[in-house]
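Hi everyone, thanks for making time. Let me put the model up on the screen, and then we can walk through it together.

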Amino acid sequence: MYLSLFSNPSIPESQTAGLSVDPNQAFRGDQGASELQGQLSRAQWNDWKARFSPYIGTLSDIAQDEGASATAAANASGAMGQAFDANQRALEQDREAYGIQQTGAQEEASQRRTALQRQASQVSAGNQARISSLDRQSAILAGGMGLSNIPGQEVNQ
């Protein structure tokens with residue numbers, strides 16, 4: 001079954017006014033077909049501007065954002081740090097629930113190991129997010145990322 005690319009296009013009424021085309025116009029006068037072709041071309045152009053131009057602008061903004069990779073890296077690193085903090089709190093609650101107490105040396109070694117793991121994970125998450133952001137920008141600029149890949153937008157293809 002064929003599914004329309006845009007089942008419910010939301011084109012403002014102001015842009016669709018005057019877009020009706022009479023196919024019988026092609027047979028009127030010497031220039032009827034030429035005028036009909038012109039009307040169809042203008043209608044297609046207006047339709048493209050109404051439907052796709054905003055998305056192209058969004059993709060262009062994403063591709064040209066020089067701070068996107070740094071922002072993505074900072075967000076990923078922060079999220080990883082929050083995950084480690086939550087995990088550490090859960091581990092401490094488990095220890096308290098079971099009545100487990102660590103010696104000073106055990107606690108110090110555990111904190112050192114956790115700090116190193118946290119730091120390594122934050123750096124790794126930041127680097128992966130930075131690489132993904134740069135790859136996304138490159139794909140947009142190369143034309144390999146179409147309208148179906150805009151985050152948060154539903155474009156049926």
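This is a predicted model: local features need pLDDT of at least 70, side-chain atom pairs count only at pLDDT 80 or more; totals for chains, interfaces and linings use all residues.

Of the 157 residues in the protein chain, 19% are buried. The chain exposes about 11500 Å², and carbon and sulfur atoms supply 50% of that area.

Now for the packing. Two packed helices are described by the angle between their axes and the distance between the axes, and I'll give you both for each pair.

Let's begin with H2 and H3. H2 covers residues 32–51, and H3 covers residues 53–64. Their axes are 4 Å apart, at an angle of about 45°, and these two helices are therefore oblique to each other. Which residues make the contact? From H2 we have Trp48, Lys49, Ala50 and Arg51, and from H3 we have Ser53, Pro54, Tyr55 and Ile56. By class, that contact of H2 with H3 holds five nonpolar residues, one polar and two charged.

H3 also packs against H5, the helix that runs over residues 104–142. Here the angle is about 130° and the axes are 8 Å apart. How does that classify? Roughly antiparallel needs an angle over 145 degrees, so H3 comes out as oblique to H5. The crossing of H3 and H5 is left-handed. On the H3 side, look for Leu59, Ile62 and Ala63; they meet Arg136, Gln137, Ile140 and Leu141 of H5. The residues of this H3 contact with H5 split into five nonpolar, one polar and one charged.

The last pair is H4 with H5. H4 spans residues 68–98, and its axis comes within 7 Å of the H5 axis, with a crossing at roughly 150°. That angle makes H4 roughly antiparallel to H5. Is the crossing of H4 and H5 left-handed or right-handed? It is right-handed. As for the classes, the contact of H4 with H5 has nine nonpolar, twelve polar and four charged residues.

To recap H5, then: H3 is oblique to it, while H4 is roughly antiparallel to it.

Definitions and conventions
Residues are numbered from 1 along each chain as its sequence is written. Side-chain values use heavy atoms; hydrogens and water are left out. Axes are lines fitted to C-alpha atoms, for helices over the stretch in contact, and angles run from 0 to 180 degrees between N-to-C directions. Angles under 35 degrees count as roughly parallel, over 145 as roughly antiparallel, 65 to 115 as roughly perpendicular and the rest as oblique. A crossing is left-handed if the near helix is turned anticlockwise from the far one by less than a right angle, and right-handed if clockwise. Contact means heavy atoms within 4.5 Å. Ala, Val, Leu, Ile, Met, Phe, Trp, Tyr, Cys and Pro count as nonpolar, Asp, Glu, Lys and Arg as charged, and the others, Gly among them, as polar. Buried means under 20% relative accessible area, exposed over 50%, partly exposed in between (1.4 Å probe, protein chains only). Accessible areas come from the Shrake-Rupley method with a 1.4 Å probe; for residues, only the protein chains shown count as cover.
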